[in-house]
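User: Please go through this complex with me, taking the protein interface and then the DNA.

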Number of protein chains: 2
Amino acid sequence: MDYRKSLNDILVRLFAHVLDIEEKCLKKGEFSDLTIKEMHIIDSIGIEKESSMSETAKELGITSGTLTIAIDNLIRKGYVQRNRSKEDRRVVLVKLTEKGSRAYRAHEDFHKDLVASVLEVLEDKEKGLLIKVLSNIDDFFKKKYHI
Amino acid sequence: MDYRKSLNDILVRLFAHVLDIEEKCLKKGEFSDLTIKEMHIIDSIGIEKESSMSETAKELGITSGTLTIAIDNLIRKGYVQRNRSKEDRRVVLVKLTEKGSRAYRAHEDFHKDLVASVLEVLEDKEKGLLIKVLSNIDDFFKKKYHI
DNA sequence: TAATATAATTTGAATATCAAAATATTTGAG
DNA sequence: CTCAAATATTTTGATATTCAAATTATATTA
C-alpha cells in the first residue's frame, strides 16, 4: 500500500479544511465583521496585556507596515485600542477592547471545541500517535525552514 | 498527559505557519516569482492535461473572476497557456507550459519531502493507523461542518 | 551634541478576493 | 428554426493583504 500518496492527499485536504471551517464558523457568529487574519491578530495581541507593534508583527510574521494598516481597521471596528508608550515615545502599544476580548474568547472556545471533538472520537493510542505525527511535522518545518 | 492542550498548541502553530513555510520555501527556489496561491493554481491545473476555468475555480474554491485575473498573471509570467475549446466556444481551457510543469514538479517534491519525514519516524503498524485516524478526522469534519 | 539606531507610519505597487454586470455561445421550448 | 434561457467567462468596482522603501519621531551613544 502506498502510504506516501494517501498521507499527502489527506494532509493537504485536512489543512485546507481546518482553515475553511475556521472561516465559516467565524462568519456565522457574533464577530462576522472580522476576517481570519484579523482574528489571528487579536489572538496574537492576547488578553489583558499591551503589546508593541513590532513584537506583534514579529510574532505574526508580517511587517510593521502591514500591521499598522490591519490595526487601523481593527480600531475602526472597535476591537483594539492604540496608545503610545510612556517610557519610550517611539513605541506604540496595542491592546484589546472589551469587544476585542470577547472575540478572543470566542476564538479560543472554537479551538477548544474543535480539539475536543477530534479527541472524542479517538482511542488513547490514536491520540498519542496523532500528537507524535503533528509534532514531527512541526519539527520538520523548524529544522528545514527555520521558522 | 493533557492531549487537549498539546493538540491545540500544535494545531495553532502548524496552521499558522504551514503556508508561510511553503511560501518561504518557494521564494528561495527557481520559481520565486510565484506566490503560494499561484502555485496552488498550478497544482490544481495539473500536468499533461487541459482544465476549464470553471472546473479549476471550483476545485480551488474561488470565483471564476478571481481565477481569470490569476491566470492573466500566470500567462504573463510564462507558466500557463490559455485556449478556447473547439467543442464549446464558451469554454476556456488552461494548461501548464513546460516552465509550469517544472514548477508543478518542484512543488510536488516539497510535499514528498514533508510526507517522507513524517513516515520515516513511524513503524509500519503506525502508518496504517495514522491514515485511518486522519481519514476519520476528515470524515468527522465533513459531517459536523458540512464542508 | 550630532550621528546613528530604532519604532512606527506612509506610500506605491502587486496580488487576492468577491459580487454584479457585461459578453459570447449553446441549449431547449415551442 | 428561432428566440429566450442557461452557461462559461471576463470585466468592473470595491476592499483587503502584503511588502519594500521612504519618511517621521524619538532614543541612544560616541
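This is a predicted model: local features need pLDDT of at least 70, side-chain atom pairs count only at pLDDT 80 or more; totals for chains, interfaces and linings use all residues.

Analyst: Residues are numbered from 1 along each chain as its sequence is written, chains are lettered from A and ligands numbered from 1 in the order written, and side-chain values use heavy atoms, without hydrogens and water.

User: How much area do chain A and chain B bury between them?

Analyst: In contact (heavy atoms within 4.5 Å) are 47 residues of chain A and 48 residues of chain B. Of the buried area (accessible area, 1.4 Å probe, lost on putting the two parts together, summed over both), 78% is on carbon and sulfur atoms. The total is about 5200 Å².

User: Which residue of chain B meets A:Arg13 in a salt bridge?

Analyst: A salt bridge is a side-chain nitrogen of Lys or Arg within 4 Å of a carboxyl oxygen of Asp or Glu. The count between the chains is three. For A:Arg13 the N to O distance is 2.8 Å, and the partner is B:Asp138.

User: Which residue of chain A has a side-chain N or O atom 3.1 Å from a base oxygen of DNA strand C?

Analyst: Sugar and phosphate account for 78% of the atoms of DNA strand C that come within 4 Å of the protein. A polar side-chain atom of A:Arg82 lies 3.1 Å from a phosphate oxygen, and a backbone N or O atom of A:Met53 lies 3.3 Å from a phosphate oxygen. The residue at the base oxygen is A:Arg90.

Conventions
A residue is near a molecule or strand if one of its heavy atoms lies within 4 Å of it. A polar contact is a pair of N or O atoms within 3.5 Å; within protein, one must be able to donate a hydrogen and the other to accept it, and residues adjacent in sequence count only if both atoms are side-chain atoms.
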